[in-house]
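Visitor: I am new to this structure. Please take one part and walk me through it closely.

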Amino acid sequence: MIIVNTGNGKGKTTAAIGQIIRSLGQGFKVCLIQLFKGEEFYGEQKILSGLGNLDFFSFAKKHPYLFKSVSVKDAKLDCCLAMDKVKLLSLSPKKYDLIVLEEFNIALRDKFIDEREFLTLLQQLSQKSNIIVTGRSAPQNLIDVADIVTEMKEIKHCYNKGIKAYKGIEY
């Protein structure tokens, strides 16, 4: 299965983490590859990195549009390293029951990774593992090949009132 969590609303990562927990509860082997999220900052990273049956990888820890200290060139290079990891998974025998590609939609939107190459790898991986791809702005071609697509729609968010990210809720 290819599952896509997209949209401007909150909950894309949260839903993927719930699926990881469900899979681990069934004794499945899981791989989480995250983009644009610094390690050991987000609550889920602190919990998940210590669980058995889960391999966790983090690349491009900061997005250049949010952190001026990060160049677009460096972000693209880090996203290429993440794609190299995805390529290795696609070429190797089945190792994981579930692979979560966190914030890859953002990398696709911003052209940090090649969409055609990503979709090819995704279809290869989905022959041996379930895949979840998260992030805003999922491209239509990804939506077309996916088996399940959920759009998180923002109705109201505290950011619009000037309230900053809230520990335990946003990170």
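Guide: Here is a close look at the sheet and the helices around it. Keep in mind that this is a predicted model.

Start with the sheet. It is open and has six strands, in the order β3-β2-β4-β5-β1-β6. The pairing is parallel. Two strands stand at the edges: β3 (54-59) and β6 (148-151). Each has a single partner strand, so one side of each is left without a neighbour in the sheet. From one strand to the next, the twist averages 10 degrees.

Now take one pairing. Strand β1 (residues 2-6) runs parallel to strand β5 (residues 130-134), and four bridges join them. V4 stands opposite V133 in β5.

Helices pack on this sheet. Helix α1 (residues 12-25) touches β1, β2 (30-35), β3, β4 (98-102) and β5. The direction of α1 makes about 165 degrees with that of β4. Helix α3 also packs on the sheet, touching β2, β3 and β4. The direction of α3 makes about 160 degrees with that of β2.

Follow α3 (residues 72-91) to its meeting with α5. Their axes come within 9 Å and cross at roughly 35 degrees. The crossing is left-handed. On the α3 side, the residues are M83, V86, K87, L89 and S90. They meet E117, F118, L121, Q124 and L125 in α5. By class, this contact has six nonpolar, two polar and two charged residues.

The structure holds two aromatic pairs. One of them is F104 with F118, stacked at 5.7 Å centre to centre, with 25 degrees between the planes. F104 sits in helix α4 (residues 104-109) and F118 in helix α5 (residues 115-125), 14 residues apart. Both F104 and F118 are buried.

Notes. Residues are numbered from 1 along each chain as its sequence is written. This is a predicted model: local features need pLDDT of at least 70, side-chain atom pairs count only at pLDDT 80 or more; totals for chains, interfaces and linings use all residues. Side-chain values use heavy atoms; hydrogens and water are left out. Rings of Phe, Tyr and Trp (its six-membered ring) pair if their centres lie within 6.5 Å; planes under 30 degrees apart count as stacked, over 60 as edge-to-face and the rest as tilted. Buried means under 20% relative accessible area, exposed over 50%, partly exposed in between (1.4 Å probe, protein chains only). Axes are lines fitted to C-alpha atoms, for helices over the stretch in contact, and angles run from 0 to 180 degrees between N-to-C directions. A crossing is left-handed if the near helix is turned anticlockwise from the far one by less than a right angle, and right-handed if clockwise. Contact means heavy atoms within 4.5 Å. Ala, Val, Leu, Ile, Met, Phe, Trp, Tyr, Cys and Pro count as nonpolar, Asp, Glu, Lys and Arg as charged, and the others, Gly among them, as polar. Two strands pair if DSSP finds at least two bridges between them.
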